[in-house]
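Subject: Handover of a structure

Dear colleague,

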Amino acid sequence: MGAGWPDVALELVRLAREDIWRFAAACLGLAIAGGIGLAIMVLTLKVVVLGPLTRFRIQYDEARKRGRDRPKQEKLPL
Amino acid sequence: MMTTSLIWPLVWVVLCFGLYAIVLRQLAKAVQPLRLRLAEEGEALLTEGVLSIEEESDVRMFLDNAYDGWVAVFLMLMMPAAMFYLLIDPTGTDDRATERSAKLSWLFLVSVFAANPFVGALAIMEFVVLAFVMVIATGSFAMLRAALRRVFHNLAVRHEAHAAS
């Protein structure tokens, strides 16, 4: 599973002291990995949750409208 | 070595996030028929005009916030305070809500749980502990229902004030 975040931070500090280019490369790698992770999360949220939720919300608004109209419809035959 | 140590925590975060997103969607799918019932019956009840002013504002709040994930957070924070006040001053614990508006409040509770399952699960655990304490202290569930109604009404008052501004 590899080391935890504190070890990573320590490693970064060590790199910053010893080799500035490797430190820069590590930071770039971290930023790219973070960016990819974030992009996957946003896409997952959009595809898995927001799409269906928007559809459910539209159905909900329609149901509210039906509820508002219900007594009026019931009164029509009278 | 460093790359793997960086990748694994990120993979776990993304996996947990994806899993939570799936749980959120499946729960929303499961409670959708209940939400539609809440919407239709709540609006019909408001149109019929049989509710008291207090109940009307509660039902309006239910209808406007059925998808709001923050309600579970407020419930979790406000329930202990509401119960504490009711233990000190038990007046108003008689359940004056009509049967239909009481049913709507349960539908609303299920709906806000599905909107925020993580906090909702924590809130349920808190409710169980509080219910246990209240039943031991008072010997009935009436106080729990009254506290829930008080919290809902508090939220409804805030909702109306927010809508008016």
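Two residues are said to be in contact, or to touch, when they have heavy atoms within 4.5 Å. With that in mind, and not counting residues up to four places away in sequence, Met79(B) touches Glu126(B), Phe127(B), Leu130(B), Leu144(B), Ala147(B), Leu148(B) and Val151(B).

This is a predicted model, in which local features need pLDDT of at least 70 and side-chain atom pairs count only at pLDDT 80 or more, while totals for chains, interfaces and linings use all residues. Residues are numbered from 1 along each chain as its sequence is written, chains are lettered from A and ligands numbered from 1 in the order in which they are written, and side-chain values use heavy atoms, with hydrogens and water left out.

Chain B as a whole

The secondary structure of chain B consists of six helices and zero strands; helices (H or I, at least four residues) and strands (E, at least two) are DSSP runs, numbered from the N terminus. The C-alpha trace of chain B spans about 65 × 40 × 30 Å along its principal axes. Of the 165 residues in chain B, 44% are buried, where buried means under 20% relative accessible area, exposed over 50%, and partly exposed in between (1.4 Å probe, protein chains only). Among the contacts in chain B with a separation of 6 or more, 88% join residues 24 or more positions apart.

The nonpolar core

A nonpolar core is a set of buried Ala, Val, Leu, Ile, Met, Phe, Trp, Tyr and Cys residues joined through side-chain atoms within 4.5 Å. The largest such core has 40 residues, of which Leu38(B), Leu75(B), Met79(B) and Phe152(B) touch the most other members. Two or more residues each come from helix H2 (20–75) of chain A and from helices H1 (2–48), H2 (53–64), H3 (70–88), H4, H5 (117–138) and H6 (142–164) of chain B. H6(B) gives the most to this core, with nine residues.

Leu155(B) is placed in helix H6 of chain B and counts as buried because its relative accessibility is 9%. Leaving aside neighbours within four places in sequence, Leu155(B) is in contact with Met61(B), Val71(B), Phe74(B) and Met78(B). Leu155(B) and Met61(B) are 94 residues apart in sequence, yet 7.5 Å apart in space, C-alpha to C-alpha.

His159(B) also lies in helix H6 of chain B, and it is buried, with a relative accessible area of 19%. With neighbours within four places in sequence left aside, the contacts of His159(B) are Arg60(B), Met61(B), Asp64(B) and Asn65(B).

Helix H2(B)

Met61(B) is among the buried residues of H2(B), which also include Glu55(B), Asp58(B) and Phe62(B). H2(B) has 12 residues and reaches 17 Å from its first C-alpha to its last, close to the 16 Å expected at 1.5 Å a residue; the expected span of a helix is 1.5 Å times one less than its number of residues.

Helix H4(B)

The 17 residues of helix H4 (residues 99–115) of chain B should span 24 Å at 1.5 Å a residue, and the end C-alpha atoms are 25 Å apart, which agrees. Buried residues in H4(B) include Leu104(B), Phe108(B) and Val112(B).

Yours sincerely
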